[in-house]
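Let's walk through a protein fold together, starting with its sheet and ending with the way its helices cross. Have the structure open as you read.

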Amino acid sequence: MEARVEARIKQIIDICIRNIKFISISFGTAILLSSAMTYFSSTVYEARTILQIEPRDQSQIAGFESVTLGLEDGNSDLDQQEVIYLSRTAISEVKERLGHKQNIESLQKRIKRVRGTSTRRTFSSGSGGLLEFSYTNTDPELAVATLKTSNEIFIKNNINRFSEEARNSIAFLDESIKKIEYELAESST
């Protein structure tokens with residue numbers, strides 16, 4: 001058995017020696033091509049951002065039921081917030097502010113939610129947690145600006161939505177108070 005292994009090894013060495021010129025040329029060509037590709041290719045940078053999503057207890061807002069935003073039941077708050085973050089409206093505002101040359105759909109696909117250990121849910125109650133997004137580009141400043149602008153738009157839209165909910169809740173309470181005052185005035189006469 002050892003003799004067969006030794007014979008096979010000698011045979012492989014003989015083949016390599018006879019074809020040393022071809023092997024050297026192939027090896028050298030591969031090194032040249034990989035060096036040229038590395039030298040002439042653009043460096044791609046990845047920017048990442050993490051957003052903390054607080055769990056929302058809709059039952060605390062008087063007169064309002066849980067809003068599903070047109071999404072299927074069973075989706076977590078994080079999944080719903082991801083849809084809002086990557087919505088066509090939000091991404092078109094990013095495109096407009098930064099003058100991106102790509103179309104909206106392409107930009108939506110390039111901003112990706114990162115799913116991994118760093119984005120596991122961190123809240124024991126509710127369905128809040130961390131959302132992490134990444135964006136790659138050959139221009140590192142544009143990559144950072146894209147995510148920064150996306151974050152600003154997302155936060156601004158959330159503040160506006162929560163403010164509107166609060167205004168509606170206050171209006172509902174004011175209307176209820178007036179109705180109760182009227183009913184009390186009617187019953188006391």
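First, some ground rules. This is a predicted model, where local features need pLDDT of at least 70 and side-chain atom pairs count only at pLDDT 80 or more, while totals for chains, interfaces and linings use all residues. Residues are numbered from 1 along each chain as its sequence is written, and side-chain values use heavy atoms, with hydrogens and water left out.

**The sheet**

Helices (H or I, at least four residues) and strands (E, at least two) are DSSP runs, numbered from the N terminus. Two strands count as paired if DSSP finds at least two bridges between them. In general, strands of a sheet pair through backbone hydrogen bonds, either parallel or antiparallel.

Here, three strands make an open sheet in the order β1-β3-β2, with antiparallel pairing. β1 (45–53) and β2 (112–114) sit at the edges with a single partner strand each, so one side of each has no neighbour in the sheet. Neighbouring strands are turned by 35 degrees against each other on average, direction ignored. Nine bridges join β1 to β3 (residues 129–137), and Tyr45 stands opposite Asn137 in β3.

**The core**

A nonpolar core is a set of buried Ala, Val, Leu, Ile, Met, Phe, Trp, Tyr and Cys residues joined through side-chain atoms within 4.5 Å; buried means under 20% relative accessible area (1.4 Å probe, protein chains only). The largest one has 20 residues, and Leu51, Tyr85, Ile111, Phe133 and Leu147 touch the most other members. Which element gives the most to this core? That's α6, with four residues.

Contact means heavy atoms within 4.5 Å. Leu147 touches Tyr85, Ile111 and Phe133, among others, not counting residues up to four places away in sequence.

**The helices**

Helix α6 (residues 140–188) lies across β1 and β3, while helix α3 (residues 77–85) lies across β1, β2 and β3. Axes are lines fitted to C-alpha atoms, for helices over the stretch in contact, and angles run from 0 to 180 degrees between N-to-C directions.

| Pair | Axes come within | Crossing angle |
|---|---|---|
| α4 and α6 | 9 Å | roughly 130 degrees |
| α3 and α6 | 10 Å | roughly 115 degrees |

Angles of 65 to 115 degrees count as roughly perpendicular, under 35 as roughly parallel, over 145 as roughly antiparallel and the rest as oblique. That makes α4 oblique to α6, and α3 roughly perpendicular to α6. On the α3 side, the contact is made by Gln81, Ile84 and Tyr85.

Notes. Buried < 20%, exposed > 50% of the residue type's maximum accessible area, 1.4 Å probe, protein only.
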